[in-house]
Amino acid sequence: MQDHLEMDRVRRHTSARAAVEVDETTRRNIRLYATQPRSVLDERIAELERERDIEQVLETNASILALTGAVLGTAVDRRFFFLTGAVLGFLTQHATSGWCPPVPIFRALGVRTQAEIDQEKFALKALRGDFRNLKTDGERPSAARVMQAVMA
């Protein structure tokens, strides 16, 4: 889609098929909501604000598995500590490269990056008219005006 999305480290490690599916879902959502009344756009933007991105999903998944491994390692068998070690290793790998074994699974399930979520959110905000007050008489809008429109 956009060049800024290609800079996303998770997206670089996403299969072409999964990336196309995520992009098409975003386009479909934008087309669908473009015909809806403002109240529906407001609801969808609020949903996007709450949508969990890939980083949040990975961190939640990793913490649950690591804690499970630690509890089972303590209570059942020491070998369960390998689960904790493996999960933490994968989390470190993701932190440094943007990829770890769960990433392809979550991406295939449609979990998006924050940049992908933001792309839909800001397209819907533009459709809603949030940025129309940025226009000036050929002059560049002030940073304050841009921030006011974007943060609305």
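Colleague: Which residues does E51 touch, leaving out those up to four places away in sequence?

Modeller: E51 touches R44, Q56, R112 and I117. Bear in mind that this is a predicted model. To count as a contact, heavy atoms must lie within 4.5 Å.

Colleague: Where is E51 found?

Modeller: E51 is in the loop between helix 4 and helix 5, which spans 54-75.

Colleague: Why is E51 called partly exposed?

Modeller: Its relative accessible area is 23%. Buried would need under 20%, and exposed would need over 50%. The value for E51 falls in between, so E51 is partly exposed.

Colleague: How far apart are E51 and R112, along the chain and between C-alpha atoms?

Modeller: They are 61 residues apart along the chain, and their C-alpha atoms are separated by 8.9 Å. E51 and R112 also belong to a network of salt bridges, together with R44, E47 and E120.

Colleague: What makes a pair such as R79 and D77 a salt bridge?

Modeller: The side chains of R79 and D77 meet at 2.7 Å, N to O. The cut-off is 4 Å, between a side-chain nitrogen of Lys or Arg and a carboxyl oxygen of Asp or Glu. The R79 and D77 pair is within it, so it counts as a salt bridge. In general, side chains of opposite charge can pair when their charged atoms come close.

Colleague: Are R79 and D77 buried, partly exposed or exposed, and how do you know?

Modeller: R79 has a relative accessible area of 60%. That is over 50%, so R79 is exposed. D77 stands at 24%.

Colleague: What is the distance in the salt bridge of R128 and D130?

Modeller: It is 2.5 Å, N to O. Both R128 and D130 are buried. A search of the whole structure finds 16 salt bridges.

Colleague: Why are helix 3 and helix 8 called roughly parallel?

Modeller: Helix 3 (residues 16-34) and helix 8 pack at about 20 degrees, with axes 10 Å apart. The limit for roughly parallel is under 35 degrees, so helix 3 is roughly parallel to helix 8. Helix 3 passes helix 8 in a right-handed crossing.

Colleague: Which residues meet there?

Modeller: V22, T26, N29, I30, Y33 and A34 of helix 3 meet E116, Q119, E120, A123, L124 and L127 of helix 8. By class, this contact has 7 nonpolar, 3 polar and 2 charged residues.

Colleague: Why do helix 4 and helix 8 get the label roughly antiparallel?

Modeller: The axes of helix 4 (residues 38-50) and helix 8 come within 10 Å and cross at roughly 160 degrees. That angle is over 145, so the two helices are roughly antiparallel. Helix 4 passes helix 8 in a left-handed crossing.

Colleague: What makes this contact, and how does it split by class?

Modeller: Helix 4 contributes R38, L41, D42, R44, I45, L48 and E49. Helix 8 contributes I117, E120, K121, L124, K125, L127 and R128. The contact has 6 nonpolar, no polar and 8 charged residues.

Colleague: How do you know whether T113 is buried or exposed?

Modeller: T113 has a relative accessible area of 2%. That is under 20%, so T113 is buried. T113 lies in the loop between helix 7 (102-108) and helix 8 (114-128). Leaving aside neighbours within four places in sequence, T113 is in contact with D8, V10, D53, I54 and R107.

Colleague: And the whole protein: how many helices and strands, and what share is buried?

Modeller: The protein has 9 helices and 0 strands. Of its 152 residues, 32% count as buried. Among contacts between residues at least 6 apart in sequence, 65% join residues at least 24 apart.

Key: Residues numbered from 1 in each chain as written. Predicted model: local features only at pLDDT ≥ 70, side-chain atom pairs only at ≥ 80, totals over all residues. Heavy atoms only, no water. Helix = DSSP H or I, 4+ residues; strand = E, 2+ residues; numbered from the N terminus. Buried < 20%, exposed > 50% of the residue type's maximum accessible area, 1.4 Å probe, protein only. Axes fitted to C-alpha atoms, helices over the stretch in contact; angles between N-to-C directions. Parallel < 35°, antiparallel > 145°, perpendicular 65-115°, else oblique. Left-handed = near helix turned anticlockwise from the far one by under 90°. Nonpolar A, V, L, I, M, F, W, Y, C, P; charged D, E, K, R; others polar.
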